[in-house]
Each structure stands twice: as structure tokens, then as C-alpha cells.
Amino acid sequence: MVAVIERRAPNHLQALQISSHLTARWLRLRGWEATMYDPETIVQLLKKARVRFILMGTHGIVGWRSETRATHDVDILAATSHYEKAIQAVHQAFPELEIVDWHAVTRFKDRSTNEFVIDIMRPVDDLFKAAFRCTIRVGKSHRIPDLEMAIASKYAAMISPRRPQDKKFVDAGDFVNMVKYNRSEIDFAKLRRLAEKVYKGGGAEILKMVADIKAGRQIKI
């Protein structure tokens, strides 16, 4: 397993850079005047502030996909003891952004587009509490979810009753793609344990989904 991680890890950084480039190009084509808050800048900002964090969301899992894709927001999971420090670092760097504070996440909104561009998440649920034990390092840059955590986090998002339907379908697409592209490398016992942290019975459900994907059957969300 170590050899697999060492072989794949450099691809994650390249995938992140391509994803950022795609997003920047799309914004220019749309003629948006909004500033792009790229993940590389935010990663370096948090590293300088000595924040313990994981790059999550599309930027965190894009290297596990068969191809990159664009996204507008940057998702950060900060360790509980570093949560306030992460918020302060982002606020000081981007004082123009509006802060919207929720229980499990502090969101930074671009006032010009009314879009959330940076999310600093707090590890309040059981899955995210386990996340810091399930990471890989991307070179000397930052940490991202390992394969099983990446798949489990997308599973949690796509079955969440609070998630908008359009985003749940995007999550499902990521989920299916990661399973298809990495199926020979998945640790199924670990994946089951992580899905059980989403809800009791999640372990059996996620393995059925994986089996359906392998068999070419459509999954239900």
C-alpha cells in the first residue's frame, strides 16, 4: 500500500493545479470580475499560520478521479484546536470576504457574486473526527483525504438530507468515478468502518454501492 501512495501522490498536486487553472479560465470566460481564491494560495496561507488542516472537497479528492474538474470553492477541514487560528488567518488575508459562521463550518462569502468561496470546517461529526488519521501528504505541500476517506466523504455528502439535490448528483458522480478508477486499491474493511461513522448501517450500504458500480449497475441515492 505504501508503494501505491508514493506512486500516486505526485498526481494529486498536478490535478489540483489543473483544476485551479480550469476554474480561473471559466471565470474569465464568464466575464466575472470576482477574485479567484485559489487553493494553492490558501494552502500556503494556512501553512504559514501553522494550522493543522486537510484540503477537502473537490480540490482534495480531484487526484483520485480519472480526470480533473473545476470548482469555485475551497474546502478546508481544520483540527479543532486550530479552528479559530485558521479563521483568523483567512480573515486577515481576505478582509473583503463576508464571514458566515455556522455550527460545523465558517464560510467566507464573496460579496460581489454572493457565492461562498472558502469553507473552514470543524470536525464535529464522527467521520471528520477520524479524518486526520486517514490522510496522505501531497509532496511537501499539504494533506488530503486518503482514498477510503475521499470516497466516504463523498458518500456522506450525497446521502445528506441537508445537501441540495444538484450538488448531491455531483457528489454521486465523484463517488462513482473514484470507485471505478481506484477499485483495485480500495481497502474495503476500512471503507466500511468509515461509512459506519456516517450512520449505523452505512458500512453495508456503501459496500453495496461499490458492488453495484463494479457490476455496472446504477446506484441509488
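Let's start in helix α9 (residues 202-214), where D212 and K208 sit four residues apart and are therefore separated by about one helical turn. Helices here are DSSP runs of H or I with at least four residues, strands are runs of E with at least two, and both are numbered from the N terminus. This is a predicted model, so local features need pLDDT of at least 70 and side-chain atom pairs count only at pLDDT 80 or more, while totals for chains, interfaces and linings use all residues. Residues are numbered from 1 along each chain as its sequence is written, and side-chain values use heavy atoms, with hydrogens and water left out.

Back to our pair. The side chains of D212 and K208 form a salt bridge, 3.0 Å from N to O. That term stands for a side-chain nitrogen of Lys or Arg within 4 Å of a carboxyl oxygen of Asp or Glu. In general, side chains of opposite charge can pair when their charged atoms come close. D212 is buried, at 9% relative accessibility, whereas K208 is exposed at 53%. Buried means under 20% relative accessible area, exposed means over 50%, and partly exposed is in between (1.4 Å probe, protein chains only).

Salt bridges that share partners also link R65, R69, K154, R163, D171 and D174 into one network. Let's look at one pair from that group: R163 and D171 meet in a salt bridge at 2.8 Å, N to O. R163 is partly exposed, with a relative accessible area of 31%, but D171 is buried, at 1%.

The structure holds 11 salt bridges. Another of them joins E98 and R111, with the closest N and O atoms 3.9 Å apart. E98 belongs to strand β3 (residues 98-101) and R111 to the loop between β4 (105-110) and β5 (115-121), so this pair ties together parts that are 13 residues apart in sequence. E98 counts as partly exposed at 28% relative accessibility, and R111 is exposed at 55%.

Now for the nonpolar side. The largest nonpolar core has 59 residues, and L46, I118, I120, I151 and F175 touch the most other members. Helix α6 (residues 147-159) gives the most to this core, with seven residues. Such a core is a set of buried Ala, Val, Leu, Ile, Met, Phe, Trp, Tyr and Cys residues joined through side-chain atoms within 4.5 Å. In soluble globular proteins, nonpolar side chains tend to be buried together.

Let's finish at I118. Leaving aside neighbours within four places in sequence, I118 is in contact (heavy atoms within 4.5 Å) with Y37, I42, V74, V90, F94, L97, T106, R107 and F108.
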